[in-house]
Amino acid sequence: GQAGYRAWLAYHPRMDSAASKEESLRYAWIASDDRDDTVRAAITEIVEGIGTMYGAAPRISATATDAAGENGPRDSEPNAAYGAGPGILVGTFAANERLRDIFGVEVAELGREGFAIRAKDGVTAIGAHTPVGALYGAFHLLRLLATGIDESELEIVERPANKLRMINQWDNIDGSIERGYAGSSIFYKDDEIDFDPARIRDYARLLASTGINAIAINNVNAHRLESRFVTGDYLPRIAELAAIFRVYGIRLLLSINFAAPIEVGGLPTADPLDADVKRWWRERAADIYAAIPDFGGFLVKADSENRPGPFTYGRGHAEGANMLAEALEAHGGLVVWRCFVYNCKQDWRDRKTDRARAAYDHFLPLDGAFRDNVVLQIKNGPMDFQVREPVSPLLGAMERTNQVVEFQITQEYTGQQRHLCYLVPQWKTVLDFETRALGEASPVKRVVDGSVHGRALGGFAAVSNIGADTNWTGHPLAQSNLYGYGRLAWNPELSAEAIAEEWALQTFGSNRQVADAVVDMLMDSLDIYESYTAPLGVGWMVNPNHHYGPNVDGYEYDKWGTYHFADRDGVGVDRTVLSGTGYAGQYMGANAGTYESFAECPDELLLFFHHVPYGHRLKSGLTVIQHIYDTHFDGALRAAGLAERWASLEGLVPADDYDEALARFREQAEHAKEWRDRINTYFYRKSGVPDERGRTIY
Ligand code: GCW
C-alpha cells in the first residue's frame, strides 16, 4: 500500500480546523537569505509540511528583507488569502541579518548542528550556524506542529548530544539485505548500484528529520563486488548517492574488506604494516575524496565471523585500524572499527570459552593505542542483539579510546518485523546503565557522547530496518524504531513514551484515540515479546541461521558459543568469577559484585549470569520454572490482545497500514502460541515439574 510511504513525514491535515486556520495565519510566508541546497530543502519541507497540515502553504519570499518589508513581499504575488502577515525566517546567522537581530548573542552554544527557534512579533525564526542546523530546526518546527504543540511562544534551543549519529545498511549489491525484513535494497539491484534518486532522497529526509548524520551504505560483510566500491569502477555512482545525502547533512561511509589490497589490488598481502598495502589504501582514499570531498570514512568488520583482518598477518586491531586511519586522516575521514570479534568456531564441549567475554578481552588491552580518527563500534550487549542481554562491559571501560554504541534496529532476534517490538525502551535501558567508570554518574549515554572520558568523538550506530517495501519497514509500526533511534541519538534524555507519542501523532495524525492506543501497544510490545521468547536473560532459543521462531536447542550443541545449558535440575550460564567463565568480573565497581551474586543479580538477567535450579525463588516470589510457564502463557495471551487492540482502530488509520499491520498481528498471535508451547513443553519435559496452575503443556 501507499499510506506508509510518507511515514512520520505524512503531514496530516490538522483536524482541529479553527485552531488550524488561526495557526496557518502565522505562516503566510517563508524567507531566507541563504541560497544553498540544504536551506532550500528546509524551505521546501516547510512549505510542503505546512501546506498539507493547514491547507495553505507559506509563500516563498526571495529574501528575508523583502519578506518583512513595509508593504509585504514585493518579489512575488501576494498571497491572496493572507497578505504579507507573519511568517517564517530560516537560515544561518551569517547570511541572515534579521536572524542575528532576533536571536542576539545567545547563539554561540548551538555548535555546528544545533538550532534555535523563536516566535517573536509574528515571525517564527529558525536560526543556526550552518545550513544543516537550519534544516534540523525546520524539521523540529514541523514536528512540533504535527504533534500539536502550542507554538505561539516558541523558545527553543537544541543541539545534538552526540557527534556521530550513524546508520549502517547491511545491503548487498545483489539487492539482498542481510537481516533485512522489508523487501530488497533501495540502493542496489542485480549486482549494480541501482537506485531511484527520489526514493533515496525520501530516505535521506526521513533520516535527517530525526537527526541522523552519517550512513554506511553497504553491508559490513563486504563481498566480492562490494570490495571494489573503493575503486573508480563504482565511485561515480557512489558519489551520486553521497550528493543526495549531502543536502540532508548526512555523510556517506563505505564498509570495506580488509583483504581488498589482495582481492582488488592484486597485492600479495593485506598486512597493515606493509608499505605497498599502506600506499594502496592511501591511493584509494585519495580517489574517494576526489569524488566525494566530504566522505565520512570506512566501517570495518575485521577478524569477525570469517571476515579477513589483521590477525592473518600476526597484527592486532590497533595496527589494522591505524593503518586505515592514516590513509584517511589528511582528508578528515574516520575509521569506524567494529568490536564484534569472537570465536565462531567454538567446540560446545569447551566449557571455558565464553563468547560474552570476547569483545572486552580483545579490545580492553588496546586502550590508548588507536589514532584520534578511529572510533570503536561496540554492540550494546556482549553477545548479539538478543531480546535481553546485560550491557557490554566494554562500554566505558576504555578511557583513551573513542567509542560508539551499536544498536540493531532491524529486528533480527526480536520478531523480524512480523512481531511488534518497539525497541526504544531496550535502548534506553542500555543508555541509562551506570557503568561506574568514574564511580557514579557514568551512564552509557555519557560514555558514548564523550563526556565521561573527555573524548572528542563518539555517538551511536545502528543497523537499519528499511527496504524497498512501500512502507519502508514491512510492519508499519516498525517505523517507530527507526524514528526512535534517530531521536535518541540526538537526545538520549527523551523518554521512550514521548518518542512513541511523537511518532504516532506524526504518522497517523492528531486523532488522540489512535495515538494513545498506538503508544500503549508500542510501550507494551517489548515486554510481551520477551515474555514468550526469552525468559530471565536466556537468549538464542531460535532456529539457526534465519533466527525466526522457537528452537530451544537450536544452538545448544553448535559452534557459535551460544548456550543455555538446561538440564533436569536447572538452566542458565554460570558466568561468575567464582565458579564460571569469569565474565561478571569484567564489570566495573559494584556492578561486578551485583552480577556475581546469586542473590543480588536482577531477575531479568539471572540466567545470563547463573545456572539456577528450577525451584529457585526469584525476587518476584515465583520459582524459575513457574516464571517460565507464567510468562509464556501470559505473553501469548497478550500477543493475541495486540491483534484485538489494533482491530479496534479499523477505519481510524489508513486502510493500507491497517491491513498490513493486522495481518502481522494475527501472525504474531499464532506464532506466540508456538513459542509458548515449545518453550513450556521443553522445560516441563526437562524438569518434570508441573505447572502450578494446571494449564496445558504437552
Ligand atoms: O547478528 C549477527 C548477524 C549477522 C551479522 C553480524 C554482524 C552482518 O546474524 O548477519 O553480519 O551479526 O553484526 O556482523
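A residue is described as buried if 20 or more other C-beta atoms lie within 10 Å of its own, as exposed if 12 or fewer do, and as partly exposed in between, with C-beta atoms placed from the backbone. The structure is a predicted model, in which local features need pLDDT of at least 70 and side-chain atom pairs count only at pLDDT 80 or more, whereas totals for chains, interfaces and linings use all residues. Residues are numbered from 1 along each chain as its sequence is written.

The protein contains 20 helices and 18 strands; helices (H or I, at least four residues) and strands (E, at least two) are DSSP runs, numbered from the N terminus. The protein is as compact as a globular protein of 698 residues, because its radius of gyration of 26 Å is close to the 26 Å given by the globule rule for that length. This radius is taken over C-alpha atoms, and the rule is 2.2 Å times the number of residues to the power 0.38. Along the principal axes, the C-alpha atoms fill a box of roughly 85 × 65 × 50 Å. Of the 698 residues, 55% are buried. Two residues are in contact if their C-beta atoms, placed from the backbone, lie within 7 Å. Among contacts between residues at least 6 apart in sequence, 70% join residues at least 24 apart.

For residues 473-695, the unreviewed UniProt entry gives the feature "domain: Glycosyl hydrolase family 67 C-terminal". UniProt positions are given in the numbering used here, feature names are shortened, and annotations may be inferred rather than shown by experiment. In the model, this span is 52% helix and 2% strand, and its end C-alpha atoms lie 37 Å apart.

Two residues were examined for their backbone angles. Most residues other than glycine have a negative phi. Ala7, although not a glycine, has a positive phi of about 50 degrees. Ala7 lies in the segment before α1 (17-25) and counts as buried, since it has 24 C-beta neighbours inside 10 Å. His547 likewise is not a glycine and has a positive phi, of about 70 degrees. This histidine is placed in the loop between α16 (512-533) and β17 (570-571). With 19 other C-beta atoms within 10 Å, His547 is partly exposed.

A further loop position is Glu109, located between α4 (97-103) and β4 (115-120). Glu109 counts as exposed because it has 9 C-beta neighbours inside 10 Å. Glu109 and Arg228 are 119 residues apart along the chain, and their C-alpha atoms are separated by 42 Å.
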